[in-house]
Amino acid sequence: MHDIRKIGKMASLPIKAAFDIAIPHAFAVGKNIVVDFDGKLTNLGESFLLEGKGEGQLAADCSLCLSSCQVDISFDVSESFVDGDNPPKNLDEDDIKFFDKAIDILPAVERNLFANIPMRFVCGDDCKGFCAGCGVNLNHDPCNCQPEIREEFASLLEQFKEKL
Ligand SMILES: [Zn+2]
Ligand SMILES: [Zn+2]
């Protein structure tokens, strides 16, 4: 919590903070992420502007080979806070209300984090994933598909193409 009475008009309060944020189930990633935030909160008179950058590492499963991997997440934060006890006339729907002269920046950091979590992860640019035929993880093992099956598949594919 940051006491807004300590931030003079047009002055900025530097903020460095770490947050342990729970990630909603809708994302196919680890349950929590520790985000380091580095930025500033500026008193613009009618509102307070939070600007900065968030960074963290996310545990996720590769979409291709399902192995767990660490993914670096970094995102910009730019959010406006307004006094909920004394709201300004020109309220923007994206403004975050604060009460009792204290600003909690966590909702702003969370909002921008969630907007920047990819829905799909790949463990590396060279991930080969699973073979659709025999199911081996091609990063670790060679394909076990029988050549006959492969040929059968190829001819089926040909027949299919002819029908198109
Ligand atoms: Zn992978
Ligand atoms: Zn195979």
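Select D83 and F98: D83 stands opposite F98, a residue of strand β6. Strands here are DSSP runs of E with at least two residues, and helices are runs of H or I with at least four, both numbered from the N terminus. This is a predicted model, in which local features need pLDDT of at least 70 and side-chain atom pairs count only at pLDDT 80 or more, while totals for chains, interfaces and linings use all residues. Residues are numbered from 1 along each chain as its sequence is written, and chains are lettered from A and ligands numbered from 1 in the order in which they are written.

Next, select β5, residues 68-83. Three bridges join β5 to β6, and these two strands run parallel. Two strands count as paired if DSSP finds at least two bridges between them.

Pick E51 to find S78 of β5 opposite. β4 and β5 form a hairpin with six residues between them. In that turn, click L66, which has a positive phi of about 65°.

Strands of a sheet pair through backbone hydrogen bonds, either parallel or antiparallel.

Go to M10, in the loop between β1 (2-3) and β2 (12-22). Is M10 buried or exposed? M10 is exposed, because 9 other C-beta atoms lie within 10 Å; the cut-offs are 12 or fewer for exposed and 20 or more for buried, with partly exposed in between, using C-beta atoms placed from the backbone. The C-alpha atoms of M10 and C65 are separated by 51 Å.

Finally, colour domain 1 (2-114) and domain 2 (128-164), bounds that come from an automatic or database assignment. Their C-alpha centres lie 47 Å apart.
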